[in-house]
Amino acid sequence: MKTFFVALLTLAASALATPIVAENKLVSRQYESQGDEIDQLTALVRTHTANINATTAAVQDSPNLEQQNAAAAALAPDLNAITAALQAATTTIAKRAWQEKVARTGTPCPKDCLFIKVQILVWEIACTIKFIIIKLGLACVLHLLTPLLLALVGLVKALDKVVLGLLIVVKGLLTTVLGAVGGLLLGLIIW
Ligand SMILES: *[C@@H]1O[C@H](CO)[C@@H](O)[C@H](O)[C@H]1NC(C)=O
């Protein structure tokens, strides 16, 4: 998080220092910075999904209700940490005044990069959620997964203003991964 803010401050400082003639260069740097932020977020999320996977894998097959609830309680800190990280990233992104400008520049590579980075993040979260649901069922973790998924969609919605069409792709991705096991969960999202 600290590097996150340092990067933002650096960005703000460079924005002030950059003459208007270098605008294109600046825009592409902002893109890179946003990509970096998604990379950092994904790295942070992976530390939690690694814990979640280990905790989930340790649960015996066909757990009884008590074991399900115990596992859900053990998963809660990591799931909540992912939710909080997604919300924090959304707040940061929503504050950007330069979003539209970035969306209008036709530089294909950075856009593709951000597009792919976000899908990697979504894929990591969706596959981990699927693993949890297959092992534990949805009922005991619904109260943890609902805010997490809403936070993920919130972030994607904010980024959809930068990378047009992202939300549709993510919706398809979540439906593909979670459709069979988490239909109820997906039904709670207003797209
Ligand atoms: C956690 O498990 C899911 C599902 O198997 C996988 O897609 C994901 O990459 C794993 N994450 C880590 C950090 O090992």
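**View 1. Contacts across the whole chain.** Residues 24 or more positions apart account for 83% of the chain's contacts that have a separation of 6 or more; a contact here means heavy atoms within 4.5 Å. Keep in mind that this is a predicted model, where local features need a pLDDT of at least 70, side-chain atom pairs count only at pLDDT 80 or more, and totals for chains, interfaces and linings use all residues. Numbering starts from 1 along each chain as its sequence is written, and side-chain values use heavy atoms, with hydrogens and water left out. The protein chain has eight helices and zero strands; helices (H or I, at least four residues) and strands (E, at least two) are DSSP runs, numbered from the N terminus. Of its 191 residues, 45% count as buried, where buried means under 20% relative accessible area, exposed over 50%, and partly exposed in between (1.4 Å probe, protein chains only). The chain's accessible surface comes to about 9,600 Å², and 65% of that belongs to carbon and sulfur atoms. Accessible areas come from the Shrake-Rupley method with a 1.4 Å probe, and for residues only the protein chains shown count as cover.

**View 2. How confident is the predictor?** The score to look at is pLDDT, the predictor's confidence in each residue, from 0 to 100. The protein chain averages 81, and 73% of the residues score at least 70. Among the elements, helix H3 (residues 65-94) has the highest mean pLDDT, at 95, while helix H4 (residues 99-104) has the lowest, at 43. Over residues 1-23 the pLDDT is below 50, and this stretch has 17 contacts beyond near neighbours in sequence. Residues 97-109 also stay under 50, with 19 contacts beyond four places in sequence. Where pLDDT is low, the predicted coordinates should not be read in detail.

View 3. Around the ligand you'll find Arg 46, Thr 49, Ala 50, Asn 53, Glu 124, Cys 127 and Thr 128; a residue is near a molecule if one of its heavy atoms lies within 4 Å of it. An oxygen atom of the ligand sits 2.4 Å from an N or O atom in the side chain of Asn 53. A nitrogen atom of the ligand is 2.7 Å from an N or O atom in the side chain of Glu 124. On its own the ligand has 360 Å² of accessible area, and the protein covers 60% of this. Two elements give two or more residues to the shell: helix H2 (23-58) and helix H5 (108-136). The largest share, four residues, comes from H2.

**View 4. Thr 90 and its neighbours.** Thr 90 is found in helix H3. Thr 90 counts as buried because its relative accessible area is 16%. Not counting residues up to four places away in sequence, Thr 90 touches Ala 151, Gly 154, Leu 155 and Ala 158. A polar atom of the Thr 90 side chain lies 3.5 Å from the backbone nitrogen of Leu 155.

**View 5. Ser 62 and Gly 137, two loop residues.** Ser 62 is in the loop between H2 and H3, and Gly 137 lies in the loop between H5 and helix H6 (142-160). They are 75 residues apart along the chain, with their C-alpha atoms separated by 9.2 Å. Ser 62 is exposed, with a relative accessible area of 68%, whereas Gly 137 is partly exposed at 26%. Ser 62 has a positive phi of about 45° although it is not a glycine. Most residues other than glycine have a negative phi.

Conventions:
Polar contact = N/O pair within 3.5 Å; in protein donor to acceptor, adjacent residues only side chain to side chain.
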